[in-house]
Amino acid sequence: MKPSKPAKKRRTVLIDNRFQLRMAGAFIALQILLTAMFATGLYLFMDSEIQTGFASAQASYHSFNEMLFPIVAILSAFSVTLSIVLVTIFVVIISHKIAGPMFRFNTILESLSHRRFEEQTQIRPDDQLGELAGTLEKALNVVKADVQFCQTTIQRLREEQTRGNAAEAEAELAQLESTLNSWQSSGRRRASD
């Protein structure tokens, strides 16, 4: 018995380069913006507080650390809170471009599993997974065409049967069988290749 080969690890890092790099760029830009806002706020707050503290005779700071800690703590809490809110909103907006098509595809496949064709199979133009949507549309069109062909062939078979025309009925059966045989599972196709 041959030892089984270990499964090859997927080496593809970027599946959809344009989308993934744009998303990464957007997250980087958001982080740069948040960092710049935090640094600007810290600078402005510290500048005004230090100027006020040193100018005021009543304010006496024991050490620079005592003065700096509350400032940094408040601005850090504000920055983290703002980051959470903005990143959550940003991710939800971006994920709709992926989750929307995934929901549509799931609805289409669920209907197909119940032997129904979904009327609406298109996704929004600015959504991701457009190539997959096109492939799914092509596959559905093939299935619809084959179902329609089988229905019309069965109708013609019934007509030939009532006429008693066995040769024509046999020809219709051969076409029907050919269409149905074209649907192969991966295992059957490999075995026949």
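Helices here are DSSP runs of H or I with at least four residues, and strands are runs of E with at least two, numbered from the N terminus. The model is predicted, so local features need pLDDT of at least 70 and side-chain atom pairs count only at pLDDT 80 or more, while totals for chains, interfaces and linings use all residues. Residues are numbered from 1 along each chain as its sequence is written, and side-chain values use heavy atoms, with hydrogens and water left out.

Start at the end of helix 3.

Now select residues 130-163, which make up helix 3. This helix has 34 residues and reaches 49 Å from its first C-alpha to its last, close to the 50 Å expected at 1.5 Å a residue (the expected span is 1.5 Å times one less than the number of residues).

Next, colour the buried residues of helix 3, among them Ala-133, Leu-136, Leu-140 and Val-143. Buried means under 20% relative accessible area, exposed over 50%, and partly exposed in between, with a 1.4 Å probe and protein chains only.

Go to Glu-160. This residue counts as buried because its relative accessibility is 10%. Beyond its neighbours within four places in sequence, Glu-160 is in contact (heavy atoms within 4.5 Å) with Asn-165, Glu-168 and Ala-169.

Finally, select Phe-27 in helix 1 (residues 17-55) and Phe-90 in helix 2 (residues 64-113), 63 residues apart. Phe-27 counts as partly exposed at 31% relative accessibility, and Phe-90 also counts as partly exposed, at 22%.
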